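Please keep the sequence and the model at hand.

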Amino acid sequence: MIRRPNILLITADQWRGDSLGLMGHPCLRTPALDALATEAMVFANHFAPCAPCSPARASLYTGLYQMNHRVVANGTPLDARFDTIALAARRAGYRPTLFGYTDTTLDPRGRAPDDPELHSYEEVLPGFTCRQPLREDDRTWITWLRQRGHSETLLADPHAVAPAPDGGVSLAPPGYGPQETQTAFLVEKLLDWHAEQEAGHPWFAHVSFLRPHPPFVVPEPFASMFSPADVLAPIPLAADPHPLVRLTRDRAAAANFQPGLSGTIAQLSPDDILRIRALYYGMIAEVDAQLGRLFETLKARGDWEETLVIFTSDHGEMLGDHGLLGKGGFHAGGQHIPLIIRLPGGVAGRTQGFTSAADVFPTLLDLWGIAPGHAPDGETLLPALSGAGGAERDWALWEYDFRHALPDAMRNQMGLDPRDCHLSVLRRRDAQYVHSPAFPPLVFDLERDPSGSVDLAGQACDLRRDMAEALLRRLTRLRDDTLAGRPLAGA
């Protein structure tokens, strides 16, 4: 094992944990990641601790659950007192360099109110040197497309596609090509930077891809790679949906998922959902193709054997399951994400133990042999990567703070304090429990109901009690312990 290998941290936004060929997906093929998995450790039951983007990334970068880092939404500041992957990397002797985004809102304390860096949730996590930004407005990518000769008409709305004949989700490709995607743009910039690195000096690159995040649009050959007729139908909407599911379906605009659509996601047809699933798989195939390009170039340049590769996502995508699109909530599809780690000199294999995005930060700390600035909630995965076992946690925990998903008037009408608009989920192989101050608890027997569709809270009283007590134990143990274990000097 190399003490200070090169670090390649890859995040692909909104990538479901089951959406990989190596996970046995019925139609998806991801050859680049499948090949990576043959020389890496695959963590098959890996979960995001929270959603959406900013909270999930805060957990990845700090090793903390949401209850401790308190980033509850895009736009919530990340407390500057927390240590992060980027700051720790600098202490380990790296210059961590970003390609893409970290979706960080900076701590406003100690800054002037008019500081422009306080006006966006898309600022850069402190500690990273940003070589190539890519914000939500796509301006840097659009400039690159302009340099490649595209018309101003395309650049004004690069994701525009021809409407579907029936007015629903369109399968048409956009006007840019497969080597002109946002993914291709970031890979090109990363490889340019990599060519500048001095031999013998370990580097740290974090490439944060936007795809397969909506809009669900992708160029050929990926747009037609998967037929809606061949994809599996989603898990059906329950006959009596949970209130949070109903609120989400009735409020989320369909246009958030593909420009030009009208109405809400509740008004999308079953055919529309199948088209979205086909496009989503095409977007994943596009990212995988660019990952193949990246990996092959690193091998050709002789850097592969000394590079630790981490591939993961921030959170999942419901993809029509339980009538939902997007992330967050209590269903596993919004939180189950991939994690593949290739450690030079490490072992390859697969673990079924539950792991969390909060485990990545302590894993890197352990690899570098440096102390954290706070007590992480996650656990190091280095023993599993080195063949010494570990990573056999028998539970996953995630949170979802939905205060910003409800307008003030709706919250008031429902009699909810913003602090009530939160849920905590404990998942085991056999059961899942959901607690929220806003709603009655939910219990799912995953052995009889693997999709988590039938709430048994009113029937399985013993299971409900056991799961509630188990959740309370986990929440108690996850309280911040940074200073609790440090007695007064001389005491």
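## Asn 6 and its surroundings

Asn 6 is in contact (heavy atoms within 4.5 Å) with His 201, Pro 202, Trp 203, Asp 303, Glu 306, Thr 307 and Leu 308, leaving aside its neighbours within four places in sequence. The residue lies in strand 1; helices (H or I, at least four residues) and strands (E, at least two) are DSSP runs, numbered from the N terminus. With a relative accessibility of 5%, Asn 6 counts as buried, where buried means under 20% relative accessible area, exposed over 50% and partly exposed in between, for a 1.4 Å probe and protein chains only.

The model is predicted, with pLDDT of at least 70 needed for local features and 80 or more for side-chain atom pairs, while totals for chains, interfaces and linings use all residues. Residues are numbered from 1 along each chain as its sequence is written, and side-chain values use heavy atoms, with hydrogens and water left out.

Eight strands make up an open sheet with mixed pairing, in the order 4-3-5-1-6-7-2-8; two strands pair if DSSP finds at least two bridges between them. At the edges are strand 4 (129-133) and strand 8 (349-356), each pairing on one side only. On average, neighbouring strands are turned by 15 degrees against each other, direction ignored.

Strand 3 (residues 97-100) runs parallel to strand 4 and is joined to it by four bridges. Thr 97 has Thr 129 as its bridge partner in strand 4. Helix 9 (residues 270-300) lies across strand 1 (6-12), strand 5 (204-209) and strand 6 (307-312), and runs at about 175 degrees to strand 1. Axes here are lines fitted to C-alpha atoms, for helices over the stretch in contact, and angles run from 0 to 180 degrees between N-to-C directions.

## Nonpolar cores

A nonpolar core is a set of buried Ala, Val, Leu, Ile, Met, Phe, Trp, Tyr and Cys residues joined through side-chain atoms within 4.5 Å. The largest has 68 residues, and those with the most contacts inside it are Leu 8, Ile 10, Leu 33, Leu 291, Leu 294 and Phe 295. Elements that give two or more residues to this core include helix 1 (31-37), helix 5 (139-147), helix 6 (152-156) and helix 7 (182-196). Helix 9 supplies the largest share, 15 residues.

Another core, of 36 residues, lies apart from the largest one, and Ala 58, Ala 86, Ala 89 and Trp 368 are among its members.

## Helix packing

Helix 5 and helix 7 pack with their axes 10 Å apart, at an angle of about 85 degrees. Helix 5 is therefore roughly perpendicular to helix 7; angles of 65 to 115 degrees count as roughly perpendicular, under 35 as roughly parallel, over 145 as roughly antiparallel and the rest as oblique. Thr 140, Trp 141 and Trp 144 of helix 5 meet Gln 182, Ala 184, Phe 185, Glu 188 and Lys 189 of helix 7. This contact has four nonpolar, two polar and two charged residues, with Ala, Val, Leu, Ile, Met, Phe, Trp, Tyr, Cys and Pro counted as nonpolar, Asp, Glu, Lys and Arg as charged, and the others, Gly among them, as polar.

Helix 7 and helix 9 cross at roughly 10 degrees, and their axes come within 10 Å, so the two helices are roughly parallel to each other. Helix 7 contributes Thr 183, Ala 184, Val 187, Glu 188, Leu 190, Leu 191 and His 194, facing Glu 286, Val 287, Gln 290, Arg 293, Leu 294, Thr 297 and Leu 298 of helix 9. By class, there are seven nonpolar, four polar and three charged residues in this contact.

## Backbone exceptions

Most residues other than glycine have a negative phi, and most peptide bonds are trans. The bond from Ala 51 to Pro 52 is cis, with omega near 5 degrees; Pro 52 lies in the loop between strand 2 (41-47) and helix 2 (53-62). Arg 211 and Pro 212 are also joined by a cis peptide bond, with omega about 10 degrees, and Pro 212 lies in the loop between strand 5 and helix 8 (243-251).

Arg 70 has a positive phi, near 60 degrees, and is found in the loop between helix 3 (66-69) and helix 4 (85-91). Its relative accessible area of 37% makes Arg 70 partly exposed. Leu 319 has a positive phi of about 55 degrees and sits in the loop between strand 6 and strand 7 (339-342). Leu 319 counts as buried, at 0% relative accessibility.
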